[in-house]
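Welcome! Open your viewer, get ready to select, and follow along stop by stop.

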Amino acid sequence: MDKNKSEIQFFAELLSDTEKQFKQSPVYQKQLNQGKNWNYAVCATPIQRERGIIFGINWGGDDYQPQTQMPTGENIVNYTFIKQSRKNLEQVGLNFKDINFNYTNLCFFRTPRESLLEEEDYRLALPLFERYVRYINPPWLLSIGGKNMKILDKFKLLRDIERHYDQHRRFKGHSAQLWQWNVFSAPHSQAKMTNKARRTIWDKLIVLMNKF
(Lines give C-alpha, C1' and ligand atoms only; values in the text may rest on other atoms or scores of the structure.)
Protein backbone atom coordinates (compact mmCIF):
# COMPACT_ATOMS: atom_id res chain seq x y z
CA MET A 1 0.00 0.00 0.00
CA ASP A 2 1.10 3.56 -0.72
CA LYS A 3 0.98 4.64 2.92
CA ASN A 4 3.86 2.28 3.75
CA LYS A 5 6.13 3.79 1.09
CA SER A 6 8.63 6.58 1.61
CA GLU A 7 7.94 9.90 -0.09
CA ILE A 8 10.68 9.19 -2.64
CA GLN A 9 9.30 5.72 -3.41
CA PHE A 10 5.79 7.05 -3.75
CA PHE A 11 6.89 9.91 -6.01
CA ALA A 12 8.77 7.53 -8.32
CA GLU A 13 5.82 5.16 -8.63
CA LEU A 14 3.30 7.95 -9.17
CA LEU A 15 5.56 9.47 -11.81
CA SER A 16 5.76 6.12 -13.61
CA ASP A 17 1.98 5.74 -13.51
CA THR A 18 1.61 9.31 -14.78
CA GLU A 19 3.71 8.45 -17.82
CA LYS A 20 1.48 5.44 -18.55
CA GLN A 21 -1.71 7.47 -18.25
CA PHE A 22 -0.29 10.33 -20.27
CA LYS A 23 0.60 8.05 -23.17
CA GLN A 24 -3.03 6.91 -23.34
CA SER A 25 -4.39 10.45 -23.37
CA PRO A 26 -5.81 12.57 -26.20
CA VAL A 27 -3.41 15.37 -25.27
CA TYR A 28 -0.43 13.06 -25.81
CA GLN A 29 -1.66 12.38 -29.34
CA LYS A 30 -2.08 16.11 -29.91
CA GLN A 31 1.52 16.81 -29.02
CA LEU A 32 2.73 14.00 -31.29
CA ASN A 33 0.68 15.37 -34.16
CA GLN A 34 2.15 18.83 -33.61
CA GLY A 35 5.72 17.64 -33.06
CA LYS A 36 5.73 19.12 -29.56
CA ASN A 37 7.10 18.11 -26.17
CA TRP A 38 4.56 19.04 -23.49
CA ASN A 39 4.90 15.98 -21.25
CA TYR A 40 3.91 15.86 -17.57
CA ALA A 41 4.86 16.47 -13.94
CA VAL A 42 3.58 15.36 -10.55
CA CYS A 43 4.40 18.22 -8.21
CA ALA A 44 6.38 21.44 -7.74
CA THR A 45 7.28 20.93 -4.08
CA PRO A 46 8.56 17.95 -2.09
CA ILE A 47 5.79 15.56 -1.11
CA GLN A 48 5.02 16.16 2.58
CA ARG A 49 2.48 14.04 4.38
CA GLU A 50 -0.19 15.63 6.58
CA ARG A 51 0.48 19.05 5.00
CA GLY A 52 -1.95 21.20 3.04
CA ILE A 53 -2.16 20.99 -0.74
CA ILE A 54 -2.42 23.98 -3.06
CA PHE A 55 -3.38 23.05 -6.59
CA GLY A 56 -3.88 24.67 -9.95
CA ILE A 57 -5.45 23.12 -13.01
CA ASN A 58 -2.51 21.84 -15.09
CA TRP A 59 1.13 22.57 -15.86
CA GLY A 60 1.72 25.18 -18.56
CA GLY A 61 4.49 25.40 -21.11
CA ASP A 62 5.19 24.43 -24.71
CA ASP A 63 8.52 22.58 -24.61
CA TYR A 64 9.36 20.51 -21.53
CA GLN A 65 10.88 17.16 -20.74
CA PRO A 66 9.03 14.86 -18.33
CA GLN A 67 9.68 15.41 -14.64
CA THR A 68 12.28 12.96 -13.33
CA GLN A 69 13.12 13.97 -9.75
CA MET A 70 11.33 15.15 -6.64
CA PRO A 71 11.48 18.99 -6.77
CA THR A 72 12.95 21.09 -3.99
CA GLY A 73 10.17 23.66 -4.13
CA GLU A 74 12.62 26.56 -3.98
CA ASN A 75 11.27 28.14 -7.18
CA ILE A 76 7.64 28.24 -6.10
CA VAL A 77 8.04 31.70 -4.59
CA ASN A 78 8.65 32.96 -8.13
CA TYR A 79 5.28 31.76 -9.44
CA THR A 80 3.24 34.84 -10.32
CA PHE A 81 0.05 33.68 -8.61
CA ILE A 82 2.02 32.77 -5.46
CA LYS A 83 3.55 36.24 -5.33
CA GLN A 84 0.13 37.80 -5.73
CA SER A 85 -1.55 35.55 -3.13
CA ARG A 86 1.34 35.15 -0.70
CA LYS A 87 -0.01 37.35 2.10
CA ASN A 88 -3.31 35.50 2.08
CA LEU A 89 -1.62 32.12 1.99
CA GLU A 90 0.59 33.03 4.92
CA GLN A 91 -2.57 33.70 6.93
CA VAL A 92 -3.47 30.02 6.69
CA GLY A 93 -0.06 28.95 7.97
CA LEU A 94 2.02 28.62 4.81
CA ASN A 95 5.72 29.24 5.28
CA PHE A 96 7.54 30.07 2.06
CA LYS A 97 10.97 29.76 3.62
CA ASP A 98 10.53 26.19 4.82
CA ILE A 99 7.91 25.21 2.18
CA ASN A 100 5.58 23.54 4.70
CA PHE A 101 2.93 22.70 2.07
CA ASN A 102 2.43 20.74 -1.14
CA TYR A 103 1.85 22.15 -4.60
CA THR A 104 0.49 20.24 -7.59
CA ASN A 105 -2.15 20.47 -10.32
CA LEU A 106 -5.44 18.69 -10.80
CA CYS A 107 -4.20 17.35 -14.14
CA PHE A 108 -0.57 16.23 -14.28
CA PHE A 109 -0.46 16.55 -18.10
CA ARG A 110 1.25 19.70 -19.41
CA THR A 111 -0.18 21.90 -22.18
CA PRO A 112 0.36 25.47 -23.41
CA ARG A 113 -3.33 26.14 -22.66
CA GLU A 114 -5.84 24.37 -20.43
CA SER A 115 -8.35 24.45 -23.29
CA LEU A 116 -6.29 21.77 -25.06
CA LEU A 117 -7.36 19.24 -22.42
CA GLU A 118 -10.41 17.07 -23.10
CA GLU A 119 -12.74 15.29 -20.72
CA GLU A 120 -10.87 12.04 -21.34
CA ASP A 121 -7.59 13.68 -20.29
CA TYR A 122 -9.15 14.54 -16.94
CA ARG A 123 -10.65 11.08 -16.64
CA LEU A 124 -7.17 9.59 -16.99
CA ALA A 125 -5.51 12.18 -14.74
CA LEU A 126 -7.93 12.33 -11.81
CA PRO A 127 -6.97 8.91 -10.36
CA LEU A 128 -3.36 10.15 -10.20
CA PHE A 129 -4.43 13.27 -8.33
CA GLU A 130 -6.58 11.20 -5.96
CA ARG A 131 -3.69 8.88 -5.21
CA TYR A 132 -1.48 11.90 -4.44
CA VAL A 133 -4.11 13.33 -2.07
CA ARG A 134 -4.70 10.02 -0.30
CA TYR A 135 -0.99 9.51 0.29
CA ILE A 136 -0.52 13.01 1.72
CA ASN A 137 -3.74 13.02 3.79
CA PRO A 138 -3.86 16.84 3.97
CA PRO A 139 -5.83 18.90 6.50
CA TRP A 140 -7.18 20.84 3.49
CA LEU A 141 -6.80 21.43 -0.22
CA LEU A 142 -6.92 24.88 -1.80
CA SER A 143 -7.67 25.37 -5.48
CA ILE A 144 -6.31 28.51 -7.07
CA GLY A 145 -9.19 29.44 -9.36
CA GLY A 146 -12.68 28.00 -9.62
CA LYS A 147 -12.25 25.86 -12.76
CA ASN A 148 -11.00 22.93 -10.71
CA MET A 149 -14.24 22.90 -8.75
CA LYS A 150 -16.27 22.81 -11.96
CA ILE A 151 -14.28 19.81 -13.19
CA LEU A 152 -14.48 17.95 -9.88
CA ASP A 153 -18.19 18.64 -9.70
CA LYS A 154 -18.67 17.44 -13.29
CA PHE A 155 -17.13 14.12 -12.29
CA LYS A 156 -19.42 14.06 -9.22
CA LEU A 157 -16.54 14.06 -6.75
CA LEU A 158 -17.68 16.96 -4.54
CA ARG A 159 -20.16 16.99 -1.67
CA ASP A 160 -21.58 19.72 0.54
CA ILE A 161 -20.59 22.54 -1.79
CA GLU A 162 -20.89 26.05 -0.37
CA ARG A 163 -20.25 29.28 -2.26
CA HIS A 164 -18.63 32.28 -0.61
CA TYR A 165 -19.42 35.49 -2.47
CA ASP A 166 -17.97 38.97 -2.50
CA GLN A 167 -20.11 41.87 -1.34
CA HIS A 168 -21.81 42.20 -4.75
CA ARG A 169 -22.23 38.46 -5.32
CA ARG A 170 -20.32 38.72 -8.60
CA PHE A 171 -17.33 36.56 -7.65
CA LYS A 172 -17.03 33.57 -5.39
CA GLY A 173 -14.86 31.08 -3.62
CA HIS A 174 -15.95 27.60 -2.55
CA SER A 175 -15.75 25.09 0.25
CA ALA A 176 -16.73 21.44 -0.14
CA GLN A 177 -15.80 17.85 0.62
CA LEU A 178 -13.57 16.08 -1.89
CA TRP A 179 -13.54 12.37 -1.08
CA GLN A 180 -12.97 12.68 2.69
CA TRP A 181 -11.03 15.96 2.67
CA ASN A 182 -11.89 19.62 3.02
CA VAL A 183 -11.38 21.49 -0.25
CA PHE A 184 -11.58 25.23 -0.86
CA SER A 185 -11.19 27.48 -3.87
CA ALA A 186 -10.15 31.11 -4.11
CA PRO A 187 -10.44 33.34 -7.18
CA HIS A 188 -7.36 33.18 -9.37
CA SER A 189 -4.92 35.98 -8.65
CA GLN A 190 -5.27 37.18 -12.23
CA ALA A 191 -9.08 37.30 -12.17
CA LYS A 192 -10.31 40.80 -12.96
CA MET A 193 -11.97 41.90 -9.74
CA THR A 194 -11.58 44.67 -7.19
CA ASN A 195 -9.25 44.33 -4.25
CA LYS A 196 -12.24 44.70 -1.94
CA ALA A 197 -14.09 41.83 -3.59
CA ARG A 198 -11.02 39.62 -3.43
CA ARG A 199 -10.45 40.56 0.22
CA THR A 200 -14.06 39.73 1.12
CA ILE A 201 -13.76 36.22 -0.29
CA TRP A 202 -10.32 35.52 1.10
CA ASP A 203 -11.35 36.69 4.59
CA LYS A 204 -14.14 34.10 4.57
CA LEU A 205 -11.84 31.33 3.33
CA ILE A 206 -9.09 32.12 5.83
CA VAL A 207 -11.51 31.75 8.75
CA LEU A 208 -12.76 28.42 7.41
CA MET A 209 -9.33 26.99 6.58
CA ASN A 210 -7.84 27.92 9.95
CA LYS A 211 -10.30 25.55 11.60
CA PHE A 212 -8.34 22.58 10.27
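Which helix and strands do the buried residues of H6 pack against? They pack against helix H3 (80-90), strand E3 (141-144), strand E4 (158-165), strand E5 (172-178) and strand E6 (181-186), where contact means heavy atoms within 4.5 Å. Helices (H or I, at least four residues) and strands (E, at least two) are DSSP runs, numbered from the N terminus.

A note before you go on: this is a predicted model, in which local features need pLDDT of at least 70 and side-chain atom pairs count only at pLDDT 80 or more, while totals for chains, interfaces and linings use all residues. Residues are numbered from 1 along each chain as its sequence is written, and side-chain values use heavy atoms, leaving out hydrogens and water.

Now select residues 195-209, which form helix H6. Its buried residues (under 20% relative accessible area; exposed is over 50%, partly exposed in between, with a 1.4 Å probe and protein chains only) are Ala197, Arg198, Ile201, Trp202, Leu205, Ile206 and Met209. They sit on the same side of H6 because they cover an arc of only 160° around the axis, taken from the directions from the helix axis to the C-beta atoms. Turn to the other side of H6 to find Lys196 and Val207, both exposed.

Next, select strand E1 (53-58), H3, strand E2 (102-107) and helix H5 (147-154). Each supplies at least two residues of the lining of the largest pocket, and E1 gives the most, with 3 residues.

Last stop: show H5, E4 and E5, each of which supplies at least two residues to the lining of the second largest pocket.

Key
Expected span 1.5 Å × (residues − 1).
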